[in-house]
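I am opening my notebook to write down what I looked up in this structure, entry by entry.

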Amino acid sequence: MKHLLSINDLGADGINEVCRLADLFTEVSQRPIPKVPALRGKTVAMLFYEDSTRTRLSFEVAARRLSADVMGFSVSSSSVNKGESVRDTVNTISAMGPDALVVRHRSAGVPHQVTGWTSAGVINAGDGWHEHPTQALLDCYTIRDRLGSVAGRRIVILGDIKHSRVARSCVMAFTSLGAKVTLVAPPTLLPPAVDSWPVDVSFSLDAVLSDCDVVYGLRVQHERQAEALLPSLREYTAQWGLTVDRAARLPVGALVMHPGPVNRGVEIAPEVLDQPNATLNEQVRHGVAVRMAVLYLLLAADPDLHPEGEAS
Amino acid sequence: MSTVIKGGLVIDQTGERTADVVVDDGRIVAVGTDLSGDEILDASGCVVAPGFVDLHAHLRQPGAEEAETIETGSWAAIRGGFSAVVAMPNTNPPIDCAAVVQEVLALGAKAPCDVYTSGAITVERKGAQLAPMAEMAELGVRLFTDDGNGVQEAGLMRRAMEYAAGLGVILAQHCEVDSLAAGGHMHEGEWSSRLGIPGVPAEAEELMVMRDIALSRFTGAPVHFQHLSTRGSIAMVRAARQAGVAVTAEAATHHFTLTDEDCASYDPVFKVNPPLRPADDRDAVREGLADGAVDAIATDHAPHTMDAKERPFDQAPPGMLGLETALALALTELNLPVAEVVGLLSWRPAAIAGLKGVHGGPIVPDAPANLCVFDPQETWTVDPHDTASRSRNNPYAERTVRGRVRHTIVGGQTVLVDQVMRP
Ligand SMILES: [Zn+2]
């Protein structure tokens, strides 16, 4: 595999392989010196057109723990403002010889376009409403870690699915691993042609709450009110918010997940986030090991090599 | 100096016959067997047809000469077998008054094909105030459109239709309800959902088609629908024609060739407005062209610079080239008799553009010599770099197609010989 643009590039086997590698890298991360030389001599360039401190940091930490060099490129502050095209920027960065480009952009498809302009591998770190594959991978890893497996789990994805790249990647990842996914949202926040997605749909959170293993909340942004997609955030919270009352009706052991950052009090009550079944911090922690696994899969000369074997 | 086109199958609205055609001093002077002339153009195995007429070309001048000029766009037309094009008014400044019409016509007079221009329906194509249609009509403008935009306001469209009918000109509508289409970049459906690209529903087009059919019935004024792209639009136009409403329609080459699935590459070369639709709509466009619900094939030739088409999909401008590939795609994709394809490209659009008797045949002595000779069997592979256009946004790269223009004659001048331009 040269690029990771979509969860479809991996399939179930690929996701399982990422999780297996992430187990090994979790162990590495717990060492006193959490570093292996697996990608020594490789360079990973960060091309973030959209501010995302947590994703960017997670990739940078992952690359450094594998001993790769990291090339930061602060696009939003420099060349873009001077009107430089994505292609020009990619050409400039490519001239410095990176092995992988980690690309985040507000427009769907930019990572696909970038593959045509560079010989480096391209990792999609989030493109518009399209996909955010490493987020879905760390979510699979988190569910597997907590519940033993993703297969057979009943997962509710709740909130603004239409505008969510995380939702698209998660639906593909969860269903390809054999989970049963139900989307819950007001109809205006569902994607078009949702009947073509491999999911069930419900407009009522209360109807599905007592019968699931995971509630995966998505951020609901204030703009949705102005776009006439929602009457008000207050009404949204009343109907679709994961309030304390609703959380109390979840089956024992059911997880509360969220990709962050959370609009506290809108999609999830702050108290619910502090409960032991909320996994937000674990998701962030697992992000590093999972991104190490992805970088390793894409860049290691011999992907079958066990990282411990190389540890110095 | 006379020119004889030897040994071709002559096709026009009166039928087909094998004949030589002699052209002299701008006119066809003889059609028959064993004719001779000073210059000989070989047409054996080829069709000799009326020069094609494109109802819908964006020539980008004035204002966007980096993408196309009237001259380069006209040469692309010539390579595609077109002897006449109707320029769209979404230039900068827009073609919305006599002064800009005169500028375009002056540039067009030096171009190798006949360049007609449309005029805007409303001032600056903003949909608020009627443009001075009478002063533009006096300069010969026969077709008015705000193309790029639809006229949003029903009351204004009604007045425009009434006013245009009095001038004997036709209104052409780019059907798109902005409040449904706003923010969309491809067809709204399964593919937009998967790709995470904001969509434009078919209903954005269909609602305006529905409204303008009602207004045409109400006012009695004719209306021409540009680049229809959905099954619903075509069904409504078919029914309206049967009911005697004065509507005509065109379909763009890409809407019977490509589908929304092509956008899965995220290559903005596939971004166009109206957007590429699912296969069922593409099939409906083919059916409409076959059964007469749709009158004409238009190219919607829309050049854009490489820079513009390398932007992210949702930031790139819509539009694709079409003049040089229209005939081949029609012959390859439509599965229609050659004569019907010729009609869709020549006499039928000529009638809509008010060019009857000048373009679109018939091929008879004394008629103006606007002709195209093409080989209906030659297969070739589309190469975006092999073009007369200033732009390269050709979505058919590496596609093998059938049917190739050999010679084009405009006003008696042979401007294309064996695909070689003769300035
Ligand atoms: Zn248009």
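**Entry 1: the zinc site**

I began with the zinc ion, and I noted that its donors follow the spacing D-x26-H-x52-H along the chain; donors are N, O and S atoms within 2.8 Å of the metal (3.2 Å for Na, K and Ca), and water is not among the atoms, so sites may look incomplete. The model is predicted, so local features need pLDDT of at least 70 and side-chain atom pairs pLDDT 80 or more, whereas totals for chains, interfaces and linings use all residues. Residues are numbered from 1 along each chain as its sequence is written, chains are lettered from A and ligands numbered from 1 in the order in which they are written, and side-chain values use heavy atoms, with hydrogens and water left out.

I then looked up the protein donors, which are B:D147 through OD, B:H174 through ND1 and B:H227 through NE2, at 1.9 to 2.3 Å from the zinc ion. B:H174 sits in the loop between β10 (170–173) and α5 (178–181), while B:H227, 53 residues apart from it, sits in the loop between β13 (223–225) and α8 (231–242); helices (H or I, at least four residues) and strands (E, at least two) are DSSP runs, numbered from the N terminus.

Is B:H174 buried or exposed? I found a relative accessible area of 2% for B:H174, which makes it buried, and B:H227 is also buried at 2% (buried means under 20%, exposed over 50%, partly exposed in between, with a 1.4 Å probe and protein chains only).

**Entry 2: the whole chain**

I recorded 13 helices and 19 strands in chain B, and I noted that 62% of its 423 residues count as buried. The C-alpha trace of chain B spans about 60 × 45 × 40 Å along its principal axes.
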